[in-house]
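Please open the structure in your viewer and keep the selection panel at hand. The stops below go from the whole chain to single residues.

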Amino acid sequence: MSTTSTQVQCDIKGIEFADLGKKRIEWANQSMKVLQIIRKEFIKNQPLKGMRIAACLHVTAETANLAICLRDGGADVVLCASNPLSTQDDVAASLVRDNGIQVFAIKGEDNDTYYNHILAALDHKPHITMDDGADLVSVLHTKRQDALESVIGGTEETTTGRYGTGQSTIDGIIRATNFLLAGSKFVIAGYGWCGRGLASRARGNGAEVIITEIDPTKALEAVMDGFRVMSMPEAAKLGDVFCTVTGNKNVLDKEHFEVMKDGAIISNSGHFNVEIDIPALESLSSSKRTTRTSVEEYSLRDGRKINLLGEGRLINLAAAEGHPPSVMDMSFADQALSVDYMVKNHAMLEKKVYRVPEELDKRVARLKLESMGIKIDRLTPEQEEYLAGWSEGT
Ligand SMILES: NC(=O)c1ccc[n+]([C@@H]2O[C@H](COP(=O)([O-])OP(=O)(O)OC[C@H]3O[C@@H](n4cnc5c(N)ncnc54)[C@H](O)[C@@H]3O)[C@@H](O)[C@H]2O)c1
């Protein structure tokens, strides 16, 4: 760990990258209109005064704007990475140098450093935790129960899936490979929130999209949306590009690698790097080499080659910039309002998992629409009465 000249605790790649990070944070802020409105309110009302927050999130320009918003609301914020590959080192530097926010995150950090950074964030003795993937809260409940005492609650970031993941996953795959999607067979495992966004964007790029699923309802939805649906053993033989987005493990496994085409590209955009069974791929290979940034070419013993992108970690962050700021605007507006909600209501809340209250979601949606200049209709009193009753019919 180190400190900067301004005595902000940190472990980052280098403070010298801060100028670029500052510009990135400002660029993202331009598209984060909802968070801007919340930040103004926070500056005025100081709802988080005296709160210590430990946030384990992807250290990107968008997250930086959330951290600044929380700080401006009165909180003392410390940030660590929620993925070893997703940190933008210049953003981390600017957070420390220009915003006085403690950051423990270095792009490409090894597993030990990654967990040491989480421990450093917990040394902050937070009142509130923020997670994307629950690594911080799981370390808190296992190795650092001593830090539990001060905690009043935590937030966990989940689906910002459909629009942001769809676009940025395609972006990551293209940046990593420069592969032409038009005319290719693009296999997507999982047709949940992320998978369906990715499917529509892959189709938009001219790919022939194949979906694999384990849930019959989701599989049927994919069929009705016009995609080919089949099992992974079948799809494995056909695909040029594969992307897993299931939240499950070993979705691409030995039996699939054994039948893939020479030159197949495999990637993951699910949260953890367990969706592709990399040890199984290693076991089939005689050698591997890095052919491009974010591309590892595995030479299989039968002569075929399989290209793994971004070490099987979420490709939209490993090889691109993650969700566009406009998407993270809504996600982080929800996070900021949820923190505010917890601070105000924690005495009345039980020790259990709560969904984000609907009124907060609706408020974020309303503000986002307003920021886009879009007006929607309101129920008339007559319509409200009609919807609430059951007596009127034909
Ligand atoms: N890359 C990103 O920026 C990003 C953003 C949000 C979420 N995520 C992650 O993406 C993953 C999916 O999130 P989601 O919100 O779409 O979840 P979801 O639950 O909506 O969808 C997952 C789908 O995968 C299916 N599935 C599970 N096991 C499968 C298997 N073996 N083969 C085929 N399909 C299988 C499920 O039936 C489900 O339909 C999670 O790990 C989530 O954390 C990533």
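## The whole chain

Of the 394 residues in the protein, 51% are buried, where buried stands for under 20% relative accessible area, exposed for over 50%, and partly exposed for what lies in between, with a 1.4 Å probe and protein chains only. The model is a predicted one, in which local features need pLDDT of at least 70 and side-chain atom pairs count only at pLDDT 80 or more, while totals for chains, interfaces and linings use all residues. Residues are numbered from 1 along each chain as its sequence is written, and side-chain values use heavy atoms, with hydrogens and water left out.

Colour by secondary structure to see 16 helices and 15 strands; these are DSSP runs, H or I of at least four residues for helices and E of at least two for strands, numbered from the N terminus. The radius of gyration is 23 Å, close to the 21 Å that the globule rule gives for 394 residues, so the protein is as compact as a globular protein of that length; the radius is taken over C-alpha atoms, and the rule is 2.2 Å times the number of residues to the power 0.38. Along its principal axes, the C-alpha trace spans about 75 × 65 × 40 Å. If you compute contacts (heavy atoms within 4.5 Å), residues 24 or more positions apart account for 69% of those with a separation of 6 or more.

## The nonpolar core

Select L48, L70, L95 and V103 next, the residues that touch the most other members of the largest nonpolar core, which has 49 residues. Helix α14 (residues 325-345) gives the most to this core, with eight residues. Such a core is a set of buried Ala, Val, Leu, Ile, Met, Phe, Trp, Tyr and Cys residues joined through side-chain atoms within 4.5 Å. Centre the view on L95 and, leaving out residues up to four places away in sequence, you will find it touching A64, A67, I68, L79, G100, I101 and V103.

Now select residues 61-72, helix α3, whose 12 residues reach 16 Å from the first C-alpha to the last, close to the 16 Å expected at 1.5 Å a residue; the expected span is 1.5 Å times one less than the number of residues. This helix is mostly covered, with 11 of its 12 residues buried, including A64, A67, I68 and L70. After α3 comes G74, whose phi is positive, near 110°.

Move on to residues 111-122, helix α5, where 12 residues reach 17 Å, close to the 16 Å expected. Its buried residues are Y114, H117, I118, A120, A121 and L122, and among the elements that cover them are β3 (52-56), β4 (76-80) and α6 (135-142).

## H127 and S150

Select H127 in the loop between α5 and β6 (128-131). H127 is buried, with a relative accessible area of 16%, and beyond four places in sequence it is in contact with G50, M51, R52, S150, V151, I152 and G153.

From there, go to S150, in the loop between α6 and β7 (153-156), which counts as buried at 19% relative accessibility. Leaving out residues up to four places away in sequence, S150 touches R52, K125, P126 and H127, and its side chain reaches the backbone oxygen of K125 at 3.4 Å.

## A last stop at K237

Finish with K237, which lies in helix α10 (residues 232-238) and touches V259 and K261, not counting residues up to four places away in sequence.

Notes:
Polar contact = N/O pair within 3.5 Å; in protein donor to acceptor, adjacent residues only side chain to side chain.
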